[in-house]
Amino acid sequence: MKKNCALLLATIVLNQGMRAGDPLRPNHRCCEEQPAGAYSANSIYQLDARWTNDDGASFALGQLRGRPVVLVMFYASCGYACPLLVADMARLREALPANVRPQVQFALVSFDVVRDTAASLKAYRDSRRLDAQWTLLHGDNNGVKELAALLGVNFRQEPDGSFSHSNVITILNAEGEIAHQRLGLQGPLDDSMKALVTAAARPGGAGASAQESSPAIQ
Amino acid sequence: MPPLRPWLSHDKRRCAAWLGALFVVSGLSALPPAPPADMVLIPAGNHTPLLRAQKDPAQVPVAAFYLDVQPVTNADFLQFVLTHPRWQRSQVSQLFADQSYLEHWAGNTDLGPHAPPGAPVVRISWFAARAYARWQGKRLPTIAEWELAASAGYDGPEGKNDATLHRDLYQWLARPTPAILPDAAMARLNFYGVRGLLGLVWEWVDDFNSAMVTGESRADTGLDRSLYCGSGSVGAKDTGDYAAFMRLALRSSLRASNTTSSLGFRCARDLSP
C-alpha cells in the first residue's frame, strides 16, 4: 500500500481523528425508518442543490435516479482535460454491451457557474454531437462546491477564469451511490465499464456493496 | 485617514466613525459598517499561498471581510442541531458526516462531560460546518482569508516576527489534542481581535479541497497533468512555514464528510451581505 505523506502527517497531527467506527454506539446511524422513496444513505442524490440543464429547465440530480450514470465535472471552455474526459465517456458508451448501452445516462456538470449558461452548454452539446442520452448541467457556487466535495473532486478557479480540477469519471448506480471512480486520464476504462454493467443488472442499486466502490482522491 | 481598525476601543471607534462620516460627506471615502456581533473586521491584505504554479502571483489579494472572534462552540452548535434535527448525531446522513460526528457529545442534544459548552465544537464535517454557517447567514472563510487572519501576531500584523506566538504555536503542535478542549474564550486575542486561530483546534475552510495535490508525495513533486487539469497542479516552492504546511497537509488529506477530535470551524461574512 502506498504511504500517503499528507495523510500520515495529518494522522500524526490529529492523533485520534477519523475513527472508522464506534464500538459504543453500533449502528447509530442506521436507517431502518427511512421512508419509502427516500434516497439511500450513500446516495449523492441527497444533495439538495438545484441545477439547470441546457434547455434552461430546472434540474435535480435525483431525476437521474433509476438508471446508472456516468458523471463528470467539467467546464465547456476547458482546453485540455475536459475534452479528453468527454471523449472517454463516449468511448465508454461505445464499448458497452448493446443491451446495457441504452440504460446508461451520461451527465456533465460544469464548474463554471458564470460562463457555462444554458446557451453555452447547448452550443457545447451541438459541437460535440451529444444526443439525448447526455445531460448537461450548470448550477450555483454552493452546488458545485458540494457536489465536488461529495465526489472528491478538487478544483479551484484561476485568476484567468480557467479552472484547475481533478480528472475524475464517476459511475453512479441506479440509486446514485458511487459505484466506481476512475482517477486521472490514462487509466483503462474496463473497471468503469464493469461497474456500469453491474449497476445496470441491479436496477435497485442498493445491492452494489461498499466493497465494490472505491474512494475518490484518498 | 488610516483605515478603521477593529481593535480600537469603542470611544476611539466612535471618534473614527465621526471622522469617517466627514470623509463620506466630502465624498472621499466610505467606512465599512460596524462588524456584526461577535465578529471582527479583517482588513484587506495579501495572502502568500504555500503552493503555487510558476505563473501564479506570489501574493493573492484578499478583500476585507468579517470573521468570528472565536471558533463555534459546543453551546453554539447545540442551538443549531436543536432547530435542525437532520444535523443531530443519529439523524445525519453518512454521506455528509462520518461515524465519529459529534461522538464526544453525550447524546443528540446533550453535550455531556466531554463537550463543555464553551469549548470549540469538534468532530464536525465540512458539510455540517457549512450548514451551520448558512443558518447564521454566514459562510466558511476561504483558505486565503483564514491564513490572512492567522498571519497576524499577538501585537502586530506580521505574526512571523512574533516569537511569543511561535512559542505558543509550536508548543501546541507538540502536544496531543486534550480529551476535553479548553474554553474558546480563554484563547489569546491576536492583533485583529481574533481568538484561537492558532493553538486551539484546526479549522475547516470553505475551499479545503482546492489544492491540486494528490497527497502522494512522489506525484506532488511535479506537474501531474493526468490527475489534474490546469495550472494549479504544481508543487510547493517555500517550505519554511512548518505550521502552514501542517494545515496544508491536513486540508489535502480531508474528505468533506470527515470529522476528527481536533477539527472545528468558525464563520466569516462578506462586508456587504
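A residue is called buried when its relative accessible area is under 20%, exposed when that area is over 50%, and partly exposed in between, with a 1.4 Å probe and protein chains only. By that rule A:Asp54 counts as buried, because its relative accessibility is 5%. The structure shown above is a predicted model, in which local features need pLDDT of at least 70 and side-chain atom pairs count only at pLDDT 80 or more, while totals for chains, interfaces and linings use all residues. Residues are numbered from 1 along each chain as its sequence is written, chains are lettered from A and ligands numbered from 1 in the order in which they are written, and side-chain values use heavy atoms, with hydrogens and water left out.

We can begin with chain A as a whole. Its secondary structure comes to five helices and nine strands, where helices (H or I, at least four residues) and strands (E, at least two) are DSSP runs, numbered from the N terminus. Read along the sequence, these elements of chain A follow the pattern α-β-β-β-α-β-α-β-α-β-β-β-β-α. Chain A has 218 residues, of which 50% count as buried. If we take the contacts in chain A between residues at least 6 apart in sequence, 68% of them join residues at least 24 apart, a contact meaning heavy atoms within 4.5 Å.

A:Asp54 is found in the loop between strand 1 (51-53) and strand 2 (58-59) of chain A. Leaving aside residues up to four places away in sequence, A:Asp54 touches A:Ala118, A:Leu121, A:Lys122, A:Arg125 and A:Leu136. With one of these, A:Arg125, the side chain of A:Asp54 makes a polar contact of 2.6 Å. A polar contact is a pair of N or O atoms within 3.5 Å; within protein, one must be able to donate a hydrogen and the other to accept it, and residues adjacent in sequence count only if both atoms are side-chain atoms. A:Glu158 lies in another loop, between strand 6 (155-157) and strand 7 (163-166) of chain A. A:Glu158 is buried, since its relative accessible area is 5%, and its side chain is joined to that of A:Ser164 by a polar contact of 2.5 Å.

Among contacts in chain B between residues at least 6 apart in sequence, 71% join residues at least 24 apart.

Several loop residues of chain B deserve a look, and two of them concern the backbone angle phi. Most residues other than glycine have a negative phi. B:Asp38, however, has a positive phi near 65 degrees, and its place is in the loop between helix 1 (10-25) and strand 1 (39-42) of chain B. B:Arg123 also has a positive phi, of about 55 degrees, although it is not a glycine, and it sits in the loop between helix 2 (74-83) and helix 3 of chain B. Are these two residues buried or exposed? B:Asp38 is exposed because its relative accessible area is 64%, whereas B:Arg123, at 5% relative accessibility, counts as buried. A further residue, B:Gly137, lies in the loop between helix 3 and helix 4 (143-150) of chain B and is exposed, with a relative accessible area of 52%. The C-alpha atoms of B:Gly137 and B:Ala268 are separated by 9.4 Å, although the two residues are 131 residues apart along the chain.

Two packed helices are described by the angle between their axes and the distance between the axes. Axes are lines fitted to C-alpha atoms, for helices over the stretch in contact, and angles run from 0 to 180 degrees between N-to-C directions. Within chain B, helix 5 (residues 163-174) and helix 7 (residues 242-253) pack at an angle of about 45 degrees, with their axes 11 Å apart. That makes helix 5 of chain B oblique to helix 7 of chain B, because angles under 35 degrees count as roughly parallel, over 145 as roughly antiparallel, 65 to 115 as roughly perpendicular and the rest as oblique. The contact is made by B:Leu169, B:Tyr170 and B:Leu173 of helix 5 and B:Tyr242, B:Ala243 and B:Met246 of helix 7 of chain B. Between the chains, the axes of helix 4 (residues 141-151) of chain A and helix 3 (residues 126-135) of chain B come within 11 Å and cross at roughly 160 degrees, and these helices are therefore roughly antiparallel to each other.
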